[in-house]
Amino acid sequence: MMRTSNFSLSRYPSPDPDRPLLPHPPLPATDAPATHLSPLSPILLFLIHLGPPPAASLAASTASAAAAPTKLNQTVVVKSSMDSFSRGSDNVIGSYPVSVQELLVIDDLLSALVGIDGRYISIKRVRGRADHVICQIDPSMDLALQELTQRIFPLCQNYVLINYFVESKSHFKSGLVNHAFAAALRALLLDYQAMVAQLEHQFRLGRLSVQALWFFCQPMMGSFNALSIVVEKASSNNFCGATTLNLLQSQAKAMAGDNAVRSLLEKMTQRASSAYLAILERWVYEGVIDDPYGEFFIAENKLLQKESLTQDYDAKYWVQRYSLKDGIPSFLVSVAGIILTTGKYLNVMRECGHNVQVPLSDNSKLMSFESNHHYLECIKTAYDFASSELLNLITHKYDLVGKLRALKRYLLLDQGDYLVHFMDISRDELAKRPDEISVEKLQSLLDLALRSTAAASDPCHEELTCCMERVPLLKRLTTLTDLDSTESVEDNKPSLDPDIQSELLNITGVETFCLGYKVPWPLSLIIPRKALTKYQLIFRLLFHCKHVNRQLCMAWQVHQGFRAINILGKPILRSSILCRSMLKFINSLLHYLTFEVLEPNWHSMHDRLQTAKSVDEVIQFHDYFLKKCLKECLLLLPKVFKKIEKLKLICLQYAAAIQLLVPSIYSIDATADVATTSIGPGRSKHRRLRYQNQQLKSAAENKLICDSIMRFEKEFNEELQSLAPILSSSSQAEPYLTHLAQCILGLGSDI
């Protein structure tokens, strides 16, 4: 549609002084003399042949002449000529003289500069590419005018592209950053349109030529070209959020040689980032993600709840509840991790009911990012505040160290009196198969043991619970693939020893019993289900070692019964020495686990916790403690641990075989009582002792017992000797094995 010649300045509002103005040379004053209109004199001759202008134009001209008869005569003539050309626009532009063509071209160029088709200049969009336009001109135009006109065409095309971007990205779905960028561009276009209005006003006064128009447009070419590159890339790639900001920043850096263009792009980046910084400010100061369009570089997974920390072994709440996305603004890449952690800390405190907000001041507002990096100081200040507040909340209000001491006391057997009592009163129940055991009965027995010992004064004992695993410890270790074993997966899952396989088929509650602990929020961040499982693995190892020690002590009591009546034949003597060796082995193992591994590592972790500056450091120190304990307790060394398990199995089998002599002793007592009922009381005691000695002597010389003792002695010594070179070779890579190797090798030399 053809633009009307009567131009109104109301279509181009005056520029806002707060908006960035386009650089352009000053326009000539309105009352300057029109000295450059002399070349247009042939137009006056041409207008004589066209006849007088319309009455309305004459009236307007007469009124204008009355106001300024000497200054605006030529202006009236030019305006009347444009009205005449609007009626006769069917002619090609080449049919007019060059001076008339210049007037027509200027009029069309002023229209094209604001994206409107003219009489002889048209703006067309490329089919299939809404963000690409071309300008076409009547080929009959004078070649010199065509050359000058085509120089201005890029500015017209860039305006159309920028205006299209402003209209398209102002929609609801485009995002806050694009909205802010489009608003900044719209303000810039208003300034540009005001400048075009001033140019057209000069043209109406007859003071604008094509050369002058090119002169005034030339300073804006670089700015609009740079902006058009940005909007074209943003539109074609559907950029939003951080990608738009990164595009603006990269384009500003690319224009480092042009200060005016670079300054304009930096200003656009500041305006576009204002909405993004508002989202960032709420996150680092309140821990809230106010991101309706998903532009922020931190993603929230609302499906992950804090309750999963105590229920799911693979819970990823702390890592995946809030996580970094790919699109991060380049000016925030260096502090993205700090920003993420700051909001996470504030979220934890809010979910604890501890409403806290980073103290704000005029200098802490994240309104923009300047070269002085003040925004980085604000982010660091917010991080320090959130970190210290959460750390104080966990360590003081929720008594983190007290809970860790409770785990050490009960699951790492730092206080063992309750366990001795529990093992005594739950012996019959734990001797059953796991599926036959009543967990409720075990829980009541555990509560009884806790209330009957020194643990009764500790309020943390109420958080202890009983649980039964379905598989023994060795098999459980093969199912936990994330324990960072020092050996390969193939070495971690070899075929088990036949004796161990048969033992797995006949497991009892002793092999599967475990203690649990109720960890409240927010301490579950430090002690999640995975960390508690590692505590339980260590507890099961210690508990089973205690059980082996108790069984060997009972076997030792049997040997003491033989010693009391001076029956120490060769088999019984060898059995006594073997039992002593097994007791030294299991006691040395327990000593190594408790005093060489758990105790020093605990004190090391405790000292580190005193210097922790954030919750993440606390988590790191605690995880390192558990990992080191698991490794030094041999749980991450499958080859060594299987040897230890085989030795413990031999000890249990030996203790069970030795205790088979006890029923025969009881049967001797019963037979002696029956035999002495028919004998006088004076001689009954002497006869009973003589009868017991005969039975014990026969039991000591029993061939089956002798063979069993010899077999156990051979198996134990062979396994012990095969363990020594494994520990010796592994101690170079794992120095902590040196302590255990010294104990084991010392034991072997005594045998």
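Me: Leaving aside its neighbours within four places in sequence, which residues is Ile339 in contact with?
Reply: This is a predicted model: local features need pLDDT of at least 70, side-chain atom pairs count only at pLDDT 80 or more, and totals for chains, interfaces and linings use all residues. Residues are numbered from 1 along each chain as its sequence is written, and side-chain values use heavy atoms, without hydrogens or water. Contact means heavy atoms within 4.5 Å. With those neighbours set aside, Ile339 touches Leu280, Trp283, Val284, Phe297, Ile298, Leu332 and Ile379.

Me: Which residues of the largest nonpolar core touch the most other members?
Reply: A nonpolar core is a set of buried Ala, Val, Leu, Ile, Met, Phe, Trp, Tyr and Cys residues joined through side-chain atoms within 4.5 Å. Here the largest one has 213 residues. Its biggest share, 15 residues, comes from helix α22 (residues 570-610). The members that touch the most others are Leu113, Leu332, Ile339, Phe513 and Leu635.

Me: Is Gln251 buried or exposed?
Reply: Gln251 sits in helix α8 (residues 242-254); helices (H or I, at least four residues) and strands (E, at least two) are DSSP runs, numbered from the N terminus. Apart from neighbours within four places in sequence, Gln251 contacts Ala226, Ile229, Val230 and Leu265. Buried means under 20% relative accessible area, exposed over 50%, and partly exposed in between (1.4 Å probe, protein chains only). At 8%, Gln251 is buried.

Me: What covers the buried residues of α8?
Reply: The buried residues of α8 are Ala242, Thr244, Leu245, Leu247, Leu248, Gln249, Gln251 and Ala252. Their cover includes α6 (176-204), α7 (210-236) and α9 (259-286).

Me: How many Å apart are the end C-alpha atoms of α8?
Reply: The expected span of a helix is 1.5 Å times one less than its number of residues. For the 13 residues of α8, that gives 18 Å. The model agrees, because the end C-alpha atoms are apart by 18 Å.

Me: What kind of pair do the rings of Tyr192 and Phe224 make?
Reply: Rings of Phe, Tyr and Trp (its six-membered ring) pair if their centres lie within 6.5 Å; planes under 30 degrees apart count as stacked, over 60 as edge-to-face and the rest as tilted. The structure holds 20 aromatic pairs. In this one the centres are 4.8 Å apart and the planes stand at 45°, so the pair is tilted.

Me: Which helices does that pair tie together?
Reply: Tyr192 and Phe224 are both buried. They tie together parts that are 32 residues apart in sequence, because the two residues lie in α6 and α7.

Me: What kind of pair do Tyr654 and Phe712 make?
Reply: Tyr654 lies in helix α24 (residues 638-658) and Phe712 in helix α27 (residues 703-730), so the pair ties together parts 58 residues apart in sequence. Tyr654 is buried at 0% relative accessibility, and Phe712 is buried at 4%. Their ring centres are 5.9 Å apart with planes at 80°, so the pair is edge-to-face.

Me: Which residue lies over the face of Phe712?
Reply: A charge sits over a ring if NZ of Lys or CZ of Arg is within 6 Å of the ring centre and within 35 degrees of the ring normal. Lys344 does this over Trp318, at 4.2 Å from the ring centre. Over Phe712, at 4.5 Å from the ring centre, lies Arg711.

Me: In β6, which residue is the bridge partner of Cys466?
Reply: Two strands pair if DSSP finds at least two bridges between them. Strand β5 (residues 464-468) runs antiparallel to β6, and 5 bridges join them. All 5 residues of β6 (residues 513-517) are buried, so the strand is largely enclosed by the rest of the structure. The β6 partner of Cys466 is Leu515.

Me: What is the phi of Leu634?
Reply: Most residues other than glycine have a negative phi. Leu634 lies in the loop between α23 (615-632) and α24, and it is buried at 2% relative accessibility. Its phi is positive although it is not a glycine, at about 75°.

Me: Is the peptide bond from Trp521 to Pro522 cis or trans?
Reply: Pro522 has its place in the loop between β6 and α21 (529-564). Most peptide bonds are trans. With omega near 5°, the bond from Trp521 to Pro522 is cis.
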